[in-house]
Amino acid sequence: GLMGPIKDAKRDLTISSDNALPLIQKMVEEGPEKKANKPKQIIADLAPQFVSFIENINGASALPLLTNLEDALEQKEIQAYFVDSDTEENIKTFGWAGQILNANDMQDYLMIVNTNIQGQKSDAKIKQTISHQALLEKDGSIIDTVTITKEHTGISGEKLYGQTNIDYLRIYVPKNSTLLSAAGFTWPDEKNFRVPENWYKKDDYLMEKEKEISIDDKTGTRITEEFDKTVFGNWIVTEPGQTNKIQFTYRLPFKLEPASLPSNDWKKILSPLGKKLANYQLVVQKQSGASSDFESQIIVPDDWSPVWRNGDNFVLASNGASMVKAALPKDKIWSILFKKK
């Protein structure tokens with residue numbers, strides 16, 4: 001919108017904010033350059049015009065451009081990678097590198113990662129809701145249940161968008177979490193898989209990053225360790241007009257124990273709440289480029305009560321707290337303090 005319409009003389013196209021996405025996508029998927037194995041040549045051809053605009057940008061356009069760029073980086077619509085290690089480390093500190101966050105040993109953590117395999121552009125028609133529940137037991141152990149609902153709003157047969165959505169879904173949780181149950185999966189037809197050739201070799205880098213722990217006998221859920229997280233992975237196939245639900249239940253690797261208040265200023269602020277408090281924190285990461293709604297419930301035993309909370313859409317209740325369903329535009333963290341009655 002800031003540049004106004006731009007002309008692609010090579011293809012005799014005029015590209016504006018209204019038609020940019022469908023027009024470029026059509027060229028990428030159906031254009032003549034796809035046959036030459038250069039499906040995204042149109043983007044390379046247009047790049048000099050974008051560079052020229054940025055180099056000669058006026059003051060009135062600079063501020064909205066920077067605002068849009070900041071929003072896109074924060075909401076993980078854009079990721080950056082630099083070969084220079086110092087620059088890359090700086091990008092990571094801003095949260096622009098798309099890396100999986102390091103949670104501490106006493107934090108709950110969740111990230112849902114969808115991988116579209118032969119589903120064409122059907123992801124654009126998927127409405128996903130992530131429902132999280134943390135159940136605190138009397139001994140302080142925590143059982144999480146995560147339900148992922150996927151609604152395919154595409155029309156069967158519609159080009160690109162009306163295809164079957166074939167998703168290998170992974171759920172990243174705190175390291176050493178224990179899978180208790182899982183359900184709702186659908187496997188692609190066996191004819192879609194090929195047996196590896198005898199000469200194929202396992203990739204050393206991938207083996208370093210992804211360590212397979214086991215396969216769940218009942219559901220075929222693959223359990224791995226990746227990026228200092230435990231990961232549960234399985235298939236979900238959703239046809240146009242269909243809604244599917246899958247669910248994982250697992251025990252966290254730590255217990256929530258009331259502890260003495262921290263010293264100094266925090267002790268003065270929190271002392272009216274009680275001498276010993278337990279702190280539950282939930283870190284949720286958004287998959288880059290994906291859209292989801294998120295909701296959560298934290299349920300505690302009768303002899304526990306919530307006394308303080310921090311985070312968007314967070315409401316305290318007598319038996320815990322809840323997060324109202326809302327879009328998950330970026331990585332978020334929620335905190336809640338409990339005390340025993």
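The legends below describe close-up views of one predicted model.

Residues are numbered from 1 along each chain as its sequence is written. In this predicted model, local features need pLDDT of at least 70 and side-chain atom pairs count only at pLDDT 80 or more, while totals for chains, interfaces and linings use all residues; side-chain values use heavy atoms, with hydrogens and water left out.

**View 1. An open sheet of seven strands shows mixed pairing.**
The strand order is β7-β11-β5-β4-β14-β17-β16. Strands are DSSP runs of E with at least two residues, helices are runs of H or I with at least four, and both are numbered from the N terminus. Two strands pair if DSSP finds at least two bridges between them. The edge strands are β7 (178-183) and β16 (314-317), each pairing on one side only. On average, neighbouring strands of this sheet are turned by 15° against each other, direction ignored.

**View 2. Strand β11 pairs with β5 and with β7.**
β5 (residues 141-152) and β11 (residues 243-255) run antiparallel and share ten bridges. Ile148 has Ile246 of β11 as its bridge partner. β7 joins β11 through five bridges, again antiparallel.

Leu316 stands opposite Ala321 in β17.

β8 (residues 210-215) and β9 (residues 222-226) are antiparallel, with five bridges. Lys211 has Glu225 of β9 as its bridge partner. Glu225 finds its bridge partner, Thr230, in β10.

**View 3. The largest pocket holds about 730 Å³ of space.**
A pocket is an open set of points on a 1 Å grid over the protein atoms alone, with protein on both sides within 12 Å along at least five of seven lines. Grid points are joined across faces, edges and corners, and a volume is the space filled by probe spheres set on the points. The pocket is lined by 19 residues, and Arg194, Pro196, Leu206, Glu210 and Arg222 lie nearest its centre. Lining residues have an atom within 4 Å of a point. α5 (204-209) and β10 (229-238) are the elements that give two or more residues to this lining. The largest share, three residues, comes from β10. By class, the lining has nine nonpolar, four polar and six charged residues. Ala, Val, Leu, Ile, Met, Phe, Trp, Tyr, Cys and Pro count as nonpolar, Asp, Glu, Lys and Arg as charged, and the others, Gly among them, as polar.

**View 4. The largest cavity holds about 60 Å³ of space.**
A cavity is a set of grid points where a 1.4 Å probe fits but cannot get out. The whole structure has three cavities of 30 Å³ or more. Lining residues of the largest cavity include Ile112, Asn114, Gln128, Ile130 and Leu328. β3 (108-116) and β4 (126-136) each supply at least two residues. The lining divides into four nonpolar, six polar and one charged.

**View 5. The second largest cavity has a volume of about 50 Å³.**
Among its lining residues are Phe294, Asp312, Leu328, Lys332 and Trp334. β17 and β18 (332-340) are the elements that give two or more residues. β17 gives the most, with three residues. By class, there are six nonpolar, one polar and two charged residues.

**View 6. Helices α1 and α2 cross at roughly 135°.**
The axes of α1 (residues 20-30) and α2 (residues 41-55) come within 9 Å. Axes are lines fitted to C-alpha atoms, for helices over the stretch in contact, and angles run from 0 to 180 degrees between N-to-C directions. α1 and α2 are therefore oblique to each other. Angles under 35 degrees count as roughly parallel, over 145 as roughly antiparallel, 65 to 115 as roughly perpendicular and the rest as oblique. Ile24, Met27 and Val28 of α1 make the contact with Ile42, Ile43 and Leu46 of α2. Contact means heavy atoms within 4.5 Å. The contact residues divide into six nonpolar, no polar and no charged.
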